[in-house]
Protein chains: 2
Amino acid sequence: MNAKPPTSLDVARLAGVSQATVSYVLNDRPGARVSDETRERVREAAERLGYVPHAGARTLRTGRSGLILISMDDVPYGPLAIGMLEELDRELSRRGYTLVQYGARRLRGVPAARAWAELRPVAVLAGAGKLDEQAVAVLRSAGVKAVVALGAHSSAVTASVVVDHAGIGALAAGHLIDRGCRTIAAVVPAEPGLREMGEHRLSGARRVAEARGVPLTRADLPFSEEGAAALLDVWRRVDGVFAYNDDYAMLLMTVLRDAGVAVPGDVRMVGCDDLPLATLLRPRLTTVRIDVSAMPSLLARRLEELMEQEAPAEPDHIHPWNPVLVVRESS
Amino acid sequence: MNAKPPTSLDVARLAGVSQATVSYVLNDRPGARVSDETRERVREAAERLGYVPHAGARTLRTGRSGLILISMDDVPYGPLAIGMLEELDRELSRRGYTLVQYGARRLRGVPAARAWAELRPVAVLAGAGKLDEQAVAVLRSAGVKAVVALGAHSSAVTASVVVDHAGIGALAAGHLIDRGCRTIAAVVPAEPGLREMGEHRLSGARRVAEARGVPLTRADLPFSEEGAAALLDVWRRVDGVFAYNDDYAMLLMTVLRDAGVAVPGDVRMVGCDDLPLATLLRPRLTTVRIDVSAMPSLLARRLEELMEQEAPAEPDHIHPWNPVLVVRESS
DNA sequence: TTGAAAGCGATACCAA
DNA sequence: TTGGTATCGCTTTCAA
């Protein structure tokens, strides 16, 4: 068990050929002509030794690693995001790249960029919040071809994937107004990790409400029954609520029922995410479902472009969301 | 932008010293004595060039990568798992290792092991299902010091982290019987990804039920109202249900209410996970909370042991779960 | 206190 | 059709 891992030289010796031949055979390089007999000998030797190439050595020699880093603390959890990641992984590995999630210990800016750059990845995907101009420069100078920011608005400094939270808010508010609501509230979670997204959803809702002349109040809501109950006068004052997401909608519906406020009779309610619980609530919850099925292939294609061209790309963005309203009973 | 990334040789030249000195300074090796003045010059040169060391080259030279791979499709999603991962990441990076999630494109067995082995990680954590004996052998021969299986029971072939689903079922069943239930049912999700865990939870419940002379029926339940309604005769026949988890419990409570079955009057109900929705349901849901707070440091310590010792470890296991019953109104 | 140079494993050029 | 060998970036021994 202390034997060192077999190298291509070991394979070469066992097969009675040179290291170069081993490399040709194992990567079957189109240019090189090797007899079928030697091919076979090499393959067999590699098999017998349990040879596995050394990615680091290959990277060193070729200058390209095929590694694509995605920062794990920027990937929201939940089945939706996980499914997307799996699909992205599949798309990228089909193209010969290796997707890995690397958190970089909650670092941001230049320190995070340094940690990532050590691995000499060919692309880095990270939350827009961790990629300032200098961080992008560090990555670029370490040879990273594609730097992509993930966030709610496009980055001025690099290409980005924009997740359109404002559009969700707009859709929800528009629906409430269509249903006849004359004063609406939009929930912004008080939880630090969620507040920013909440504000983006709010801004979209506000835009639509203003355009249509409906007053909108912002409700900063911590996720607890007491928190929701403390805002009871808000819920009583409006006739429509965009609850940020389905979990908050459930919280509100529970508190409103306990307080004797009828949904949708007194106040109409819209959630977001179309979680399983949405159809289990009574009344069943109207919600915004986000269709991200187009995102993985879109992103993979864009990455491939970026990785293959020489110059760094203009800061543009792709916008692969498609929010859809699912109307049920709560609105 | 086509300039190649700066190397330690570039730094050396700019600082007017040798490559060796750069290495000494930047890793501040205790053995080597370098004057403060040269230290400063080297640091400044590195800074000016934006030098970032090349992890692959270092690995090649030292033979150790510091990379720890965890297979991403074996990490269950949800805030609990994410928090655990973050903590594990922190523990490991504090010890100088780099934790990376790598899915290996849904491979298993030897092909997955090869993919991982290319990166020459120092440890690999993966679902017990993807690590057969040969896969472990491949990893070992590629120099991976610690191979740890993640699963519901301990592996015969390598060290493992055992997540004690049976214990959850046992706790839930014991509680129901304590409350006076005389016939109970345990839900096993029909969904492929969940069924196996469901069966482990079931087995624990069954063990306790048998020991205490209470009949237990298995209920294979797809996550839908129709599915739950189709089993109505089961729910009517028993006076206690362990619902697998909180989501399934909510599903059942909805369907039972619609069918006029009272909880906990006619049937007592226990969930698992202590999700936020558990306190929002009416009646509030009794559930099993899983305390994994001890796991990250335990696992990190064990990994460190394994990585530092020479011989591969005996297949032992750590068992870092601590299920706790949270009694509310549904039971 | 610092430098020269060997070597880690794989690739790719140039010869044979 | 195959082999020899320089090279990638870094660490580390040995000399100076």
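This is a predicted model: local features need pLDDT of at least 70, side-chain atom pairs count only at pLDDT 80 or more; totals for chains, interfaces and linings use all residues.
**Figure 1. Relation of the two copies.** Chain A is superposed on chain B by a rotation of 180°, with 0.0 Å of shift along the axis and an RMSD of 0.1 Å. The two copies are therefore related as by a two-fold rotation axis. Both copies use the same surface, since 100% of the contact residues of chain A recur in chain B.

**Figure 2. Extent of the interface between chain A and chain B.** Chain A brings 60 residues to the contact, and chain B brings 60 residues. The area buried between the two chains is about 5,200 Å², and carbon and sulfur atoms give 60% of this area. On the side of chain A, the residues A:Val52, A:Arg120 and A:Leu280 supply 12% of the area that this chain buries against chain B, which is more than any other three residues supply.

**Figure 3. Salt bridges and polar contacts across the interface.** A salt bridge joins the side chains of A:Arg284 and B:Glu225, with a distance of 3.6 Å from N to O. Across the interface of chain A and chain B, 10 salt bridges are found. Polar contact between chain A and chain B is counted for 15 residue pairs, both residues being at pLDDT 80 or more. Several elements of chain A give two or more residues to the side that touches chain B: the helices α4 (55–62), α5 (79–94), α6 (109–117), α7 (133–141), α12 (246–259) and α13 (277–280), together with the strand β2 (98–102). The residues on this side of chain A divide into 28 nonpolar, 14 polar and 18 charged.

**Figure 4. Backbone of the loop that holds A:Arg120.** A:Arg120, one of the three residues named for their share of the area that chain A buries against chain B, lies in the loop between α6 and β3 (123–127) of chain A. This arginine has a positive phi of about 50°, although it is not a glycine.

**Figure 5. Cis peptide bonds in chain A and chain B.** In chain A, the peptide bond from A:Val263 to A:Pro264 is cis, with omega near 0°. A:Pro264 belongs to the loop between α12 and β9 (268–272) of chain A. In chain B, the peptide bond from B:Val263 to B:Pro264 is likewise cis, with omega near 0°. B:Pro264 is found in the loop between α12 (246–258) and β9 (268–272) of chain B.

How values were computed
Residues are numbered from 1 along each chain as its sequence is written. Chains are lettered from A and ligands numbered from 1 in the order in which they are written. Side-chain values use heavy atoms; hydrogens and water are left out. Contact means heavy atoms within 4.5 Å. Buried area is the accessible area (1.4 Å probe) that two parts lose on being put together, summed over both. A salt bridge is a side-chain nitrogen of Lys or Arg within 4 Å of a carboxyl oxygen of Asp or Glu. A polar contact is a pair of N or O atoms within 3.5 Å; within protein, one must be able to donate a hydrogen and the other to accept it, and residues adjacent in sequence count only if both atoms are side-chain atoms. Helices (H or I, at least four residues) and strands (E, at least two) are DSSP runs, numbered from the N terminus. Ala, Val, Leu, Ile, Met, Phe, Trp, Tyr, Cys and Pro count as nonpolar, Asp, Glu, Lys and Arg as charged, and the others, Gly among them, as polar. Copies are superposed by least squares on the C-alpha atoms of residues with pLDDT of at least 70 in both.
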